[in-house]
Structure formats: structure tokens, C-alpha cells
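User: I have a model open and would like to go through parts of it with you. Could you keep the answers plain?
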Amino acid sequence: MTLMENEATQPEGEAQIGPDEADESPAHMTQERTIELLLERSKRANRTVPIRRAFAQTGKAPNTEPGALRSLVANKQERALDLYLLVAAVTSAGDYSVNDWSSTWARTVGVFDEKTGASAVSRAWKALKDLNLISTARGTGRRTTVTKLLEDGLESKPPYEPPVMGEPYFQLPFEYWDRGLHTTLSLPGKAMYLIALAQRKPKFRLTHAKISEWYGFAEQTVANGIKDLIEHGVLAQVGVESYETLAVRSGVAFRPVYGLKEPFNHRGLPTPTTEDSSAQ
């Protein structure tokens with residue numbers, strides 16, 4: 001049997017290669033390509049991820065509480081948030097589970113050492129399990145099966161079902177990964193992007209004190225997140241609005257009105273312009 005015939009009989013990915021060929025081959029798939037293949041596997045035709053608003057805020061006004069997002073931000077669990085958003089994207093049908101190696105997930109958060117990656121992913125899964133956002137089990141081929149649960153993090157851990165008409169949810173566009181926001185935005189920036197998407201309006205206010213109260217973030221986190229989004233071309237101030245308050249001598253103060261910029265804006269809603277300065 002020739003060398004070529006011998007290699008052809010071996011399982012794909014296990015064929016023997018010479019030292020010179022090995023030097024020319026990458027040691028591992030890149031972070032970007034790993035995420036790209038995971039998103040392709042989701043088969044989401046509209047290239048958006050539906051996420052219930054309960055992930056950011058549970059309950060109905062006036063009886064609302066911060067959702068699981070607050071805990072991830074407060075505890076600086078950025079990798080857990082990154083992995084959760086990918087799991088939410090990839091689990092698009094069936095029992096809403098995925099079965100992959102820890103090394104695959106580790107690459108999506110930029111960790112390529114196998115031992116370090118396994119530990120980082122394990123800690124992230126634990127953080128998400130503690131918030132009742134996912135469940136895990138031993139999968140096939142030494143992989144881990146990760147199953148998405150409802151976004152409200154209930155202790156009863158109800159199985160996931162997609163949002164139905166009338167349920168408040170937002171759509172995270174795949175451009176979040178395509179344009180590299182998952183690596184360039186800070187944790188406050190990522191959190192505030194999700195909050196902005198959750199507004200489901202072309203124009204909206206992001207009043208620091210109100211966002212802090214409703215979603216459980218520190219006001220400085222809100223300010224840092226807004227600044228990050230503006231600097232990276234995700235968010236823009238599209239106007240100002242006046243409001244009455246006794247906190248100023250005149251009784252009338254002004255606050256900014258924001259809008260998300262293409263291609264990071266809400267699907268199905270118009271892109272806001274500065275021509276109309278009133279909030280929706």
C-alpha cells in the first residue's frame with residue numbers, strides 16, 4: 001500500500017502528515033472560524049437570536065426585578081455571558097441542546113490551551129447553571145451536552161420554548177459576532193447593547209438612574225456601557241428631549257435620546273435619524 005493509499009484509509013482528521021506539512025498547518029481553528037461554523041450550524045434563516053426580555057428584567061411593570069444579566073455583570077462573568085449568547089444562537093430546534101467539546105467552546109472565547117480552556121468553560125457553565133439558564137450532561141465522544149432553559153432563570157427549570165406572539169423579547173443580530181462586537185465591546189458595553197435591543201423602539205432613553213433601578217446595574221456601569229457603544233459605532237445620540245423636574249431651577253431639563261445604528265439595530269424597525277428629536 002502506498003503512503004497516499006494508507007492515509008486515505010484513516011479517519012478524517014487523523015491522517016499522518018510529515019513534519020514539513022505540519023509546520024504549514026494551523027495548530028487549531030481560529031476563534032472567528034469556530035464561531036462562524038457554530039452560527040452556520042444553527043440554520044437561522046433570519047440570522048438573529050430571539051432572547052426573552054426576562055433575561056434582563058423579569059416580571060411586569062410595576063413589579064419588575066433585574067434578570068440573570070445583572071448577576072453576570074455584577075460578578076464580571078463575561079465569558080459566561082459570551083457562551084450563553086452563543087448557546088442561545090446555536091440551540092435553534094429540537095430539544096434546544098448542543099453537544100460539543102470544551103475545546104470548541106474555549107476557542108469561541110479566545111482560549112486555545114486545552115487545559116486552561118476546559119477550566120474556563122467549566123466555570124462558565126457552572127455560573128450559567130447556578131442561574132438556571134442551562135443544564136449540562138455528559139455527551140457523546142467525551143463532549144458535553146448543553147441544554148438551553150427558559151431565560152427567566154426559574155428554580156423549576158422549565159424546558160425552553162421559543163417566544164410566542166405577545167411575549168416581550170428582542171433579537172440579537174448575527175452581526176454582533178460578524179463585526180467582532182463580542183471581542184471589542186467591554187462587559188458593560190455588551191450588557192447595555194442587550195438593554196438597548198430590549199427597548200424594541202427606534203429611539204429610546206437610557207437614563208442612568210432608571211437603567212440602574214430597572215436592570216440592577218451600577219450607574220457607572222451604565223455610563224461606561226453607553227460610552228463603549230458610541231465609540232464602537234453601535235449606538236448614537238439621535239436627539240434630545242425636554243422633561244419637567246424640580247431638580248433644576250427652571251423646572252425643565254433635557255436628556256439625550258439614543259438609537260442603534262445599522263447593522264446593529266432592531267430587525268423590522270426603522271433606523272432612527274437626527275431629523276426627529278422626540279423619543280418614541
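Analyst: Before we start, contact here means heavy atoms within 4.5 Å, and please keep in mind that this is a predicted model.

User: OK, which residues is Thr221 in contact with, leaving aside its neighbours within four places in sequence?
Analyst: With those neighbours set aside, Thr221 is in contact with Val73, Pro188 and Met192, and Thr221 itself is found in helix H12, which covers residues 219-231.

User: Is Thr221 buried or exposed?
Analyst: Thr221 counts as buried because its relative accessibility is 18%, and buried means under 20%.

User: How far apart are the end C-alpha atoms of H10?
Analyst: They are 17 Å apart, which agrees with the 16 Å that the twelve residues of this helix, 187-198, should span at 1.5 Å a residue.

User: And what follows H10?
Analyst: H10 is followed by Arg200, whose phi is positive, near 55°.

User: Changing topic, which residues form a nonpolar patch on the surface?
Analyst: That patch is formed by Val240, Val252 and Phe254, which together have about 280 Å² of accessible area. Val252 lies in strand E9, residues 252-260, and it counts as partly exposed because its relative accessibility is 39%, a value that falls between the 20% and 50% cut-offs.

Terms used: Residues numbered from 1 in each chain as written. Predicted model: local features only at pLDDT ≥ 70, side-chain atom pairs only at ≥ 80, totals over all residues. Heavy atoms only, no water. Patch = residues over 30% accessible without salt bridge, like charges linked within 9 Å, V, L, I, M, F, W, Y side chains within 5 Å. Areas by Shrake-Rupley, 256 points an atom, 1.4 Å probe, with all protein chains shown as cover. Salt bridge = Lys/Arg side-chain N within 4 Å of Asp/Glu carboxyl O. Helix = DSSP H or I, 4+ residues; strand = E, 2+ residues; numbered from the N terminus. Buried < 20%, exposed > 50% of the residue type's maximum accessible area, 1.4 Å probe, protein only. Expected span 1.5 Å × (residues − 1).
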